[in-house]
Amino acid sequence: MPEECGFVFNREEKMETIQWNQYKRGEKIFWVYAALDCLYYGLNGIGKVGVVNLCILLGQAVFLSFIYHGYSWAWYYRLVTGGILFAKGSIQLLILVWEWYWMIYAYSQSWIIITGLMSVIAVIQFPLLFIKMDMRYFSKIRGLARKGKLSEEVLEKVRKGNY
């Protein structure tokens, strides 16, 4: 049927043209995103010890690993959770800015600082996922490399990191 419509669908076709500059930018953005993610969940667990916080940190590390290795479902999951954290962080930041005059008396300074930092990090992280599609491109190329859909020469460049 695809041949009748004029489309040729070849599953063995190799992707040869890779935009290396976009790939490098995506890799840098991924590592910035990963550092911000670790910082966010690390700040979230300050003062709290327990198995739950350890499981949350390990879960975030696993999702970052899935994104690094090119699993698209993990990137979309982080996009949804990033949007929720963006909304929460924006609201918390607005509340902190508008209601600062009574919060400095009602809450401890460390709580205000940690909440402010977490809000700023959440607001910064979402545009890294959504607006800059370089990280998505990086993840896509890593996924193609994982599946073996790249030529040997390109695959070797991706694995060794010399582009």
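Where in the protein chain does Gly 161 lie? The legends below take up this question and others in turn, and they describe a predicted model.

**View 1. The end of the chain around Gly 161.**
Gly 161 lies in the segment that follows helix 7, the helix covering residues 152-160. With a relative accessible area of 36%, Gly 161 is partly exposed. Although Gly 161 and Lys 24 are 137 residues apart in sequence, their C-alpha atoms are 9.4 Å apart in space.

**View 2. The whole chain and its helices.**
The protein chain has seven helices and zero strands, and so the run of elements from the N terminus on reads α-α-α-α-α-α-α. Of the 163 residues in the protein chain, 36% count as buried. The chain exposes about 10,600 Å², and carbon and sulfur atoms supply 66% of that area. When contacts between residues at least 6 apart in sequence are considered, 75% of them join residues that are at least 24 apart.

**View 3. The salt bridge between Arg 25 and Asp 134.**
How many salt bridges does a search of the whole structure find? The search finds two, and in the one shown here the side chains of Arg 25 and Asp 134 meet with a nitrogen-to-oxygen distance of 2.9 Å. Because Arg 25 lies in helix 1 (residues 20-44) and Asp 134 lies in helix 6 (residues 134-147), this pair ties together parts of the chain that are 109 residues apart in sequence. Arg 25 is partly exposed, with a relative accessible area of 41%, whereas Asp 134 is buried, with a relative accessible area of 8%.

**View 4. The salt bridge between Asp 37 and Arg 78.**
Asp 37 forms a salt bridge with Arg 78, and the closest N and O atoms of the pair are 2.6 Å apart. This pair links distant parts of the chain, with Asp 37 in helix 1 and Arg 78 in helix 3 (residues 72-98), 41 residues apart. Are Asp 37 and Arg 78 buried or exposed? Asp 37 is buried, with a relative accessible area of 1%, and Arg 78 also counts as buried, at 2% relative accessibility.

**View 5. Helix 1 beside helix 2.**
Two packed helices are described by the angle between their axes and by the distance between those axes. The axes of helix 1 and helix 2 (residues 51-68) come within 10 Å and cross at roughly 170 degrees, which means that helix 1 is roughly antiparallel to helix 2. On the side of helix 1, the contact is made by Phe 30, Trp 31, Tyr 33, Ala 34, Asp 37, Tyr 41 and Gly 42, while helix 2 contributes Ile 56, Leu 57, Gln 60, Leu 64, Ile 67 and Tyr 68.

**View 6. Helix 1 across helix 6.**
The axes of helix 1 and helix 6 come within 7 Å and cross at roughly 105 degrees, so that helix 1 is roughly perpendicular to helix 6. Among the residues of helix 1 that take part in this meeting are Gln 22, Tyr 23, Arg 25 and Gly 26, and among those of helix 6 are Asp 134, Met 135, Tyr 137 and Phe 138.

**View 7. A nonpolar patch on the surface.**
Which residues form the nonpolar patch on the surface? The patch is formed by Trp 100, Tyr 101, Trp 102, Ile 104, Tyr 105, Tyr 107 and Trp 111, which together have about 830 Å² of accessible area. Helix 4 (residues 100-106) provides the largest share of the patch, namely five residues. Tyr 105 is found in helix 4, and with a relative accessible area of 71% Tyr 105 is exposed.

Thr 115 lies in helix 5 (residues 109-130), and at 11% relative accessibility Thr 115 counts as buried. Leaving aside its neighbours within four places in sequence, Thr 115 is in contact with Gln 92 and Leu 96. Ala 122 is likewise found in helix 5, and it counts as buried at 2% relative accessibility. With neighbours within four places in sequence again left aside, Ala 122 is in contact with Tyr 40, Leu 85, Phe 86 and Gly 89. Ala 122 and Leu 93 are 29 residues apart in sequence, and their C-alpha atoms are 10.0 Å apart in space.

Key. Residues are numbered from 1 along each chain as its sequence is written. This is a predicted model: local features need pLDDT of at least 70, side-chain atom pairs count only at pLDDT 80 or more; totals for chains, interfaces and linings use all residues. Side-chain values use heavy atoms; hydrogens and water are left out. A salt bridge is a side-chain nitrogen of Lys or Arg within 4 Å of a carboxyl oxygen of Asp or Glu. Helices (H or I, at least four residues) and strands (E, at least two) are DSSP runs, numbered from the N terminus. Buried means under 20% relative accessible area, exposed over 50%, partly exposed in between (1.4 Å probe, protein chains only). Patches are made of residues with over 30% relative accessible area and no salt bridge: like charges are joined within 9 Å, nonpolar side chains (Val, Leu, Ile, Met, Phe, Trp, Tyr) within 5 Å. Accessible areas come from the Shrake-Rupley method with a 1.4 Å probe; for residues, only the protein chains shown count as cover. Axes are lines fitted to C-alpha atoms, for helices over the stretch in contact, and angles run from 0 to 180 degrees between N-to-C directions. Angles under 35 degrees count as roughly parallel, over 145 as roughly antiparallel, 65 to 115 as roughly perpendicular and the rest as oblique. Contact means heavy atoms within 4.5 Å.
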